[in-house]
Amino acid sequence: MAEELPVLHLEAIARHYRQGEEILVILDGATLSVWPGESVALVAPSGAGKSTLLHIAGLLEHPSAGDVWIGGRATSKLGDNQRTAIRRAEIGFIYQAHHLLPEFSAIENVMLPQMIYGLARREARARAIEILEFLGLGKRLDHRPAELSGGEQQRVAIARAVANAPRILLADEPTGNLDPHTAEHVFGTLERLVSASGLAAVIATHNMDLADRMSRRVTIREGQVEELV
């Protein structure tokens, strides 16, 4: 049997920005592998490069050096259309702000990415109902974001992120705007989803209690990814 490959592998990622005559180094040789069903907590101070690392991992930003491997495929030499296709099919994103479309209901917000991907409306609706019910929102399908609590809005955002059945889930402080009780509920929902679907998840968080419940914890020091024990 062939050895299993990581779903996501970051190889010697560097990211530098020019500020006037100076070069600002954010990442400098960051390497990380994430396997199916594994949840990795990314714990680091503000400004350390967490969001930059997630953007590069999600093919939203190009590294200055290094490569991002998705399912054993290098992406550095792919064109924008190929990168976009991988993002739509393989990667789900969750942000601190839910970014739901206010004029659409919960179910419509979850249907839209599927229909953009090419799924028929009926199939998209059936899958949206299935995911939202799994996340405990079966009675809120037709509510618009303004009619939902903060925790419910973030659960809809989680449902939208996994609507196209991605293999990788990237979350940037997904409970950062929530009170502790709501954050616990949302994170518990996220845990169950990752466990049930076998996603490879990288979740940036400042909440060490939540981080301790994940498969492992990593941080960013001097531009590199280091394991926390």
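This is a predicted model: local features need pLDDT of at least 70, side-chain atom pairs count only at pLDDT 80 or more; totals for chains, interfaces and linings use all residues.
I began with strands β9 (residues 216–221) and β10 (residues 224–228). They run antiparallel and are joined by five bridges.

I then turned to side chains. R221 forms a salt bridge with E226, with 2.7 Å between the closest N and O atoms. R221 is partly exposed at 42% relative accessibility, and E226 is partly exposed at 30%. I also noted a network of salt bridges that links E38, R216 and E227.

**Salt bridges across the chain**

How many salt bridges are there by this rule? I count nine.

One of them pairs E90 with R167, at 3.7 Å from N to O. E90 sits in helix α2 (residues 80–90), and R167 in the loop between α5 (150–161) and β7 (168–172). The two residues are 77 apart, so I logged the pair as a link between distant parts of the chain. R167 has a relative accessible area of 39% and is partly exposed.

I next looked up E184 and R213, whose side chains meet in a salt bridge of 2.8 Å, N to O. E184 belongs to helix α6 (residues 180–197) and R213 to the loop between α7 (208–211) and β9, so this pair ties together parts 29 residues apart in sequence. Is E184 buried, partly exposed or exposed? I have E184 as partly exposed, with a relative accessible area of 39%. R213 is partly exposed too, at 34%.

Note on methods. Residues are numbered from 1 along each chain as its sequence is written. Side-chain values use heavy atoms; hydrogens and water are left out. Two strands pair if DSSP finds at least two bridges between them. Helices (H or I, at least four residues) and strands (E, at least two) are DSSP runs, numbered from the N terminus. A salt bridge is a side-chain nitrogen of Lys or Arg within 4 Å of a carboxyl oxygen of Asp or Glu. Buried means under 20% relative accessible area, exposed over 50%, partly exposed in between (1.4 Å probe, protein chains only).
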